[in-house]
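User: I would like to go through this model step by step, with each answer ending on the value or name I ask for.

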Amino acid sequence: MLTFIVRRIAYSIPVLLLASLLVFVFVHATSDPLAKYAQSRDLTLKARQGLAQGIYEQPCRTFITGSPPQQAMTCTKAPVLKQYWYWLSHFLKGKMGNSFVTGRAVSSDLKSSFGNTLQLIIWGVLISALLAISIGVLSAVRQYSLPDYIFTGLSFVGLSMPTFWFGLIAIDLFSNRLSTLLHVHYPIFYSLGLHSTHARGFFPAFFDYARHLALPVATLTVQIVASWSRYERSSMLDVMSADYIRTATAKGLTRRRVIFRHGLRNALIPLVTVMALDIGGLFGGLVVTEQIFSIHGMGALFLQDLGNGDTQALLPWLMVTAVFVVLFNLLADVLYGVLDPRIRLS
Amino acid sequence: MAQDLKAENPHEVGLPPLDPIRAGEPLLSVRDLRVSFKTDDGILKAVDGVSYDVYPNEVLGIVGESGSGKSVSSLAIMGLLPKSAQVTGEIVFRGQDLLHMDEKDRRKLRGGRLAMVFQDALAALNPVFTVGDQIGEAIAAHQPKMSKQAKRKLTMDLLDLVGIPNPAARVDQYPHEFSGGMRQRAMIAMSIANEPDVLIADEPTTALDVTIQAQVLEVLERIQDRTNSAIVLITHDLGVVAGVADRVLVMYAGRAVETSVVDEIFYHPRHPYTIGLMASLPRLDAAGAREERLYRIKGQPPSLIFLPSGCPFHPRCEFADMPAPCGTIRPDLELVDHTYGRHMVACHRRHDMADVDHSELHADVGAELETVEDAAAVSPAEATALEQLSTPAEEEE
C-alpha cells in the first residue's frame with residue numbers, strides 16, 4: 001500500500017510540471033499585459049521592479065520623459081522558456097510575486113480567498129455526502145417506491161437548475177421575503193459574505209456564521225447532492241443485486257445489517273472515488289456561487305484577476321487549483337485502494 | 001408389466017429413504033410448491049407444483065436443465081426469492097410451515113438450521129471482508145453470545161474441516177486471495193457454521209475443475225457423516241449425482257417428472273426425459289462409442305410462460321402418444337415400482353418405457369441441427385425474468 005501511494009505521488013509530479021508549463025505558455029500566448037503594465041503610472045516603483053525581475057533580460061533602464069516629466073522604462077523581454085523557469089523556480093519556493101494591478105502580494109490574496117472557499121467546500125461536502133448517501137441508499141432499497149420517485153424527481157430538478165438561478169431565488173425567498181413574512185427588519189439568512197462584524201463571543205459568532213453560510217452552502221449542496229445521490233442509488237442497486245448480498249441474507253443476518261454492512265460498504269467504493277474527483281474540481285469551480293453571495297473565494301478572485309488581465313496573479317491561481325485537482329485524483333486512487341482489498345493487495 | 005401401484009395419498013410423493021428406520025421422519029417436506037413471476041408476456045411458472053421430502057442423513061439430488069425450477073424451488077425454501085415472486089404450497093421444516101412464518105423467525109432459521117451453499121463462490125463471497133470475518137458473522141448471527149476468541153477458534157476449525165490448509169493464515173485473507181476450490185470450501189464452511197439440519201447446495205461444483213469438484217464433493221460427504229445433516233444437492237451434472245446422491249428427483253419445466261433411488265434412475269429410468277438424459281451421457285463401455293454421435297434430446301426447453309399442452313415434454317418426446325393423452329392431459333407422478341424404494345414417474349407411457357434400453361438410443365445422424373431461430377424458444381421477457389431469479393433485488397430498468 002505504501003509503495004502504491006509513493007508511486008502514485010511520483011506519477012503526479014510530471015503531471016503538475018506539464019500543467020505548469022501549459023498554464024504559463026497559454027497565459028502568455030493569450031495576453032501580453034506586460035508592456036501595458038510596465039509603463040503604468042499606477043504602479044509603485046517596487047511593484048514595477050518586482051514585475052521586471054525575471055521577465056526581462058536586463059534590469060530595466062528607467063528614464064525621465066515627457067512634459068510634465070515622468071518616469072518610464074525600457075526593457076527587453078527574455079525568451080518564454082527562460083521566463084517560465086524563473087517563474088517556476090520562484091513559485092516552488094513559495095514566491096509568487098506581486099499583483100500587477102494592486103501591487104499586493106499574490107500569495108496573501110490567494111490565501112484568504114482559499115480559506116473562504118475551503119469553508120464552503122467543507123460544509124457543503126459534509127452535508128452533501130450525508131444527504132446523498134442517505135437518499136441513495138433509501139432510493140435503492142425501496143426502488144420504485146414513493147420516496148424513490150420523489151428523490152428522483154428532485155434530483156433531476158437539482159441537476160437541471162442553473163446555479164445562478166437557484167442562488168438568486170434562494171436569496172429572494174430566504175433573505176428577503178422570509179424577513180418580510182416574519183415582520184423582522186433583518187435578514188434571517190444573509191446573502192453577503194461569511195461574517196458580520198458585530199457578532200461577539202463564540203456562540204453568537206458561530207450562529208452568525210451559520211446564517212451567512214446557509215444559503216451559499218445550500219446552493220452548492222443542491223447541485224452536488226443531485227448527482228451524488230443518483231450515483232449512490234445506482235451503485236447501491238448494483239451491489240444489492242450481487243450474489244454476496246444473497247449470501248449475507250442466507251446467513252440469517254438482519255436486513256439492516258445486510259444493507260449497511262454488506263451493501264453500503266461496497267456501494268461506497270465507486271461513490272468515494274467520484275466524490276474525491278468532484279471535490280478537487282470545487283476549489284476553482286465555485287465561481288458563480290461565490291459571485292452571487294459576494295464571498296471572496298477562489299472563484300471571485302479568478303474573475304477579478306481575469307478582468308484585470310493580471311497574469312502575475314492568475315498564474316499561481318491556476319497552479320493552485322491544478323494542484324488540488326491532482327491531489328484529489330491521488331486521494332481518489334488511494335481511497336479506492338483503502339476501501340477495496342482487491343486493489344490494495346494486488 | 002408391473003401393476004399400477006397407486007400411492008395411498010396423492011400428496012404422499014416423497015420417497016422414503018433406503019433405510020426408513022435409520023432415517024425417521026422427514027426433516028423437510030415440500031408439498032405442491034408453486035413459484036410464479038409476472039412478466040410482460042404473462043405469468044411465468046418457474047416452479048409448477050413440486051413435492052418432495054428430505055430425510056436426515058441422506059443426499060437428495062435434484063437434477064434438471066436450466067429453467068427446470070430446481071434453483072428457484074430451493075430459493076423458495078430459503079426465502080431468498082425477490083418480492084415479485086408468488087409462492088404457494090407448503091414447505092414444512094421440522095414441523096414448522098415456512099411459508100406462514102413471520103420474517104423474524106424465518107431469518108433465525110436461515111443459516112442456522114437451514115443453510116445454503118451457492119454456486120460461484122467468488123461472486124457469493126463479499127470481496128471487501130476477510131473470509132474469517134464472513135464466517136464469523138454467520139456464527140454470530142445465530143450464536144450472538146459466543147466470545148470473539150471462541151468464534152475465531154471455531155472459524156479456523158471450520159476451515160480446517162473443509163480441508164483448507166493453514167487456517168490460521170487463511171482466516172485473515174480476502175476471497176480473491178483464495179483459489180476457486182478453496183473459495184467454494186470456505187463457502188461450505190460458512191454454511192455449516194451452525195451445523196444445519198438441511199444443507200441446500202446449489203450447483204456447488206459447477207464453476208470448478210473436475211479434480212477440485214471431486215474434492216468439494218468429498219468435503220460435503222465428510223461433513224454429512226460428521227453432522228448427520230441432510231443435503232439437497234442441486235445440479236445438472238449427472239456424474240455428480242451418481243457419485244453422491246442417495247435419491248434423485250428429476251425436474252422438467254417446473255415439475256418433478258421422475259424420482260427414485262439413484263441406481264433406479266441410472267439403470268432403469270422410466271421417463272422419456274430421464275432416458276434421454278442417460279442416453280446422452282458419453283459412455284466408455286458402449287460399443288463403437290467413438291464412431292457414433294452422442295444422443296441428444298431434440299428441441300429446446302419449453303417456454304415457462306406458454307407451456308405446451310398436456311405433458312410439457314411431449315414436443316420433444318420420441319415416445320409420445322399423440323394427440324391423446326400426451327398432448328392433452330398433464331400426467332401426475334405415479335408409483336411404478338417398489339422393488340428398491342418407491343420409483344415414481346409422471347408419464348402416460350410409464351409402463352411401456354420399462355422396455356426401452358437407453359443405451360440403445362442413438363443420435364439420428366441425418367437430423368438437421370436446429371437453426372438459430374429455433375433456439376429462441378425463450379422470449380426476451382422470460383429471459384430477463386429468469387435472470388432476475390438469480391438476484392434477490394429487482395434490477396434497474
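User: In which loop of chain B is Phe319(B) found?

Analyst: This is a predicted model, so its features are read from computed coordinates. Going along chain B, Phe319(B) is found in the loop between helix 12 (272-279) and strand 11 (334-337).

User: Does Phe319(B) count as buried or exposed?

Analyst: The cut-off for a buried residue is under 20% relative accessible area. Because the relative accessibility of Phe319(B) is 18%, this residue counts as buried.

User: How far apart in space are Phe319(B) and Arg349(B), C-alpha to C-alpha?

Analyst: In sequence, Phe319(B) and Arg349(B) are 30 residues apart. In space, the distance from C-alpha to C-alpha for Phe319(B) and Arg349(B) is 7.8 Å.

User: Where is Asp53(B) found, and is this residue buried or exposed?

Analyst: Asp53(B) is found in strand 2 of chain B, which covers residues 42-54. With a relative accessible area of 3%, and with under 20% as the cut-off, Asp53(B) is therefore buried.

User: Which residue has a side chain joined to that of Asp53(B) by a polar contact of 2.8 Å?

Analyst: Asp53(B), a residue of strand 2, has a relative accessible area of 3%. The side chain joined to that of Asp53(B) by the polar contact of 2.8 Å belongs to Ser29(B).

User: What percentage of the residues of chain B count as buried?

Analyst: Chain B has 14 helices and twelve strands, and among its contacts between residues at least 6 apart in sequence, 67% join residues at least 24 apart. Of the 397 residues of chain B, the share that counts as buried is 52%.

User: What area is buried between chain A and chain B?

Analyst: The size of an interface is often given as the accessible area lost when the parts come together. Here the contact takes 29 residues from chain A and 34 residues from chain B. Carbon and sulfur atoms give 57% of the area buried between the two chains, which is about 2800 Å².

User: Which residue of chain A meets Glu137(B) in a salt bridge?

Analyst: Between chain A and chain B the count is four salt bridges. In one of them, with a nitrogen-to-oxygen distance of 2.9 Å, the side chain of Glu137(B) meets that of Arg261(A).

User: How many charged residues has the side of chain A that touches chain B?

Analyst: Helix 8 (202-240), helix 9 (243-250), helix 10 (255-282) and helix 14 (341-344) of chain A each supply at least two residues of that side. By class, the side of chain A that touches chain B has eleven nonpolar and nine polar residues, and its charged residues number nine.

Notes. Residues are numbered from 1 along each chain as its sequence is written. Chains are lettered from A and ligands numbered from 1 in the order in which they are written. This is a predicted model: local features need pLDDT of at least 70, side-chain atom pairs count only at pLDDT 80 or more; totals for chains, interfaces and linings use all residues. Side-chain values use heavy atoms; hydrogens and water are left out. Contact means heavy atoms within 4.5 Å. Buried area is the accessible area (1.4 Å probe) that two parts lose on being put together, summed over both. Helices (H or I, at least four residues) and strands (E, at least two) are DSSP runs, numbered from the N terminus. Ala, Val, Leu, Ile, Met, Phe, Trp, Tyr, Cys and Pro count as nonpolar, Asp, Glu, Lys and Arg as charged, and the others, Gly among them, as polar. Buried means under 20% relative accessible area, exposed over 50%, partly exposed in between (1.4 Å probe, protein chains only). A polar contact is a pair of N or O atoms within 3.5 Å; within protein, one must be able to donate a hydrogen and the other to accept it, and residues adjacent in sequence count only if both atoms are side-chain atoms.
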